[in-house]
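Subject: Structure handover

Hello,

Here is the structure for you to look through. Please open it first, then read my notes below.

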Amino acid sequence: MRLLLVLSVFSFLLFFSYHAGAYDPLDPNGNITIKWDVMSWTADGYVATVTMHNFQMYRHIMNPGWTLGWSWAKKEVIWSMVGAQTTEQGDCSKFKGNVPHCCKKTPTVVDFLPGVPYNQQFTNCCKGGVIPAWGQDPAGAISSFQVSVGQAGTSNKTVKLPKNFTLLAPGPGYTCGPAKVVPSTVFLTPDKRRKTQALMTWNVTCTYSQFLARKNPSCCVSLSSFYNDTITPCTACACGCQNKKNCVKSGSKFRGDKGLHTTKKDNDQLLQCTHHMCPIRVHWHVKLNYKDYWRVKIAITNFNYKMNYTLWTLAVQHPNLNNVTQVFSFDYKPLVPYESVNDTAMFFGMKYYNDLLMEAGPSGNVQSEVLMRKNKDTFTFKQGWAFPHKVYFNGDECMLPPPDSYPFLPSSASLNLFNFPIFIFSLLFIMLFCLMNS
């Protein structure tokens, strides 16, 4: 009995640590790193460049963008900012003459929107907080701003690092560790003939956990195939049915209000009424079977009237994705988190063509087809092999149907799918033989 209790506690701790630790098996090194580089000392503090790198392969920060917060270790204030701003100024009544940009103990910073005056811009700023995934756009997976801090230390020994970092991107799910001093960042001058370095540098690492972001999945997967008329739908209430009473019935003349499609950080949704009640459905259809290749159609449908998905991503795990021959209508990138295994691919929209998934309605879908070369040693249509093992949309894992509900291979075809013509010829021969001897 005592052993059983110990094993139960161990299993619970293992389950909790897996979810809370934000480990993603398809992107084990994915994180958002926030780097503070002290560029100069001032009379009462320092000027720092804050840079946010999104090192996640297929999880981007979408509109309305990131929100970064922290707590000051002492009584620091922000004198000025370039490339971003705090959401509140706080109580600065004790200051005479020059008034700080922010006097709050716990400032909250957001990126500027595009189009701000030139004198307020900074390198890699002013994108409304939107940051692409590293696998989608490595050069653009960055955001930065400059901050002038007062009433702070004026040397490496007297500076106190900020603490209690928080990141909304745009909603919850990220957990940030403590700031850690690292070797100073080295910069190369524009002519690439001289190196300079920051006076001091510290890093903050933030990792994502879907378990912390929401209690239910945000997408589901349905399946179908050419060899079976059965369509396996998404699981009932796959994403929770708490919005069932406030959904919009299919076919209704719903038009929506002005500003309805602006994403909010509270993740408020207005969904089309479905049995699964998911904002996103990914459909995987095994379309055609050739001698040396097989073809899959992928369709992504948006059922949310309050959300346009910009820079969307789809990550799929399947053993035959190590031999992709051609992808139609989507951009494609193989993901190899482990050198010995190549079974994961990332799909995303082509720029200016289908990189925007519109809100629910006639235009709320994107689709493509994938042609894969068969591996004769492993290829089969038996036991659901043709369907994906894992599917992620925008970095969140989608709920797959139960394996026993997958479209099954008919018994006549399960013997040998490639000998079907021989079977027909044999049947015709037997019928002809019977007619001749009747």
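Two strands pair if DSSP finds at least two bridges between them. Strands (E, at least two residues) and helices (H or I, at least four) are DSSP runs, numbered from the N terminus.

Two notes on the source. This is a predicted model, in which local features need pLDDT of at least 70 and side-chain atom pairs count only at pLDDT 80 or more, while totals for chains, interfaces and linings use all residues. Residues are numbered from 1 along each chain as its sequence is written, and side-chain values use heavy atoms, with hydrogens and water left out.

**The sheet around E19**

Start with an open sheet of 5 strands. Their order is E21-E22-E19-E25-E26, and the pairing is antiparallel. Which strands sit at the edges? Strand E21 (330-335) and strand E26 (396-397) do, and each pairs on one side only.

Now walk across the sheet. E21 and E22 are antiparallel and share 6 bridges. Within that pair, Asp331 has Phe348 in E22 as its bridge partner. Next, strand E22 (residues 344-349) is joined to E19 by 5 bridges, and these two run antiparallel. Here Ala315 stands opposite Met346 of E22. E19 also pairs with strand E25 (residues 390-393), in the antiparallel sense, over 4 bridges. In that pair, Val316 has Val391 in E25 as its bridge partner.

Is E19 buried or exposed? Buried means under 20% relative accessible area, exposed means over 50%, and partly exposed lies in between (1.4 Å probe, protein chains only). In strand E19 (residues 313-317), 5 of the 5 residues are buried, so the strand is largely enclosed by the rest of the structure. In a regular strand the side chains alternate between the two faces of the sheet. Both faces of E19 are covered. Thr313, Ala315 and Gln317 are buried on one side, and Leu314 and Val316 are buried on the other.

**Salt bridges**

A salt bridge is a side-chain nitrogen of Lys or Arg within 4 Å of a carboxyl oxygen of Asp or Glu. The structure has 7 of them.

Three residues deserve a look together. Lys287, Arg295 and Glu369 are linked in a network of salt bridges. Take Lys287 and Glu369: their closest N and O atoms are 2.5 Å apart. Lys287 is partly exposed, at 30% relative accessibility. Glu369 is buried, at 12%.

Glu369 also bridges to Arg295, with the closest N and O atoms 2.4 Å apart. That pair links distant parts of the chain too: Glu369 is in E24 and Arg295 in strand E17 (residues 293-302), 74 residues apart. Arg295 is buried, with a relative accessible area of 17%.

One more pair is Lys390 and Glu397, whose closest N and O atoms are 3.3 Å apart. Lys390 is partly exposed at 21%, and Glu397 is partly exposed at 29%.

**Disulfides**

A disulfide is a pair of cysteine sulfur atoms within 2.5 Å. How many are there by this rule? The count is 8. Three of them follow.

- Cys92 and Cys103: the sulfur atoms are 1.9 Å apart. The link is right-handed, with 120 degrees about the S-S bond. Both cysteines lie in the loop between strand E5 (84-86) and strand E6 (108-111), so the pair ties together parts 11 residues apart in sequence.
- Cys176 and Cys206: the S to S distance is 2.0 Å. This link is right-handed, with 100 degrees about the S-S bond. Cys176 is in strand E9 (residues 174-176) and Cys206 in strand E13 (residues 200-208), 30 residues apart. Cys176 is buried at 16%, and Cys206 is buried at 0%.
- Cys247 and Cys273: the sulfur atoms are 1.9 Å apart. The link is right-handed, with 95 degrees about the S-S bond. Cys247 is buried at 17%, whereas Cys273 is partly exposed at 25%.

Finally, look at Cys102. Cys102 is in no disulfide, and the nearest cysteine sulfur, that of Cys103, is 6.6 Å away. Cys102 is buried, with a relative accessible area of 1%.

Best wishes
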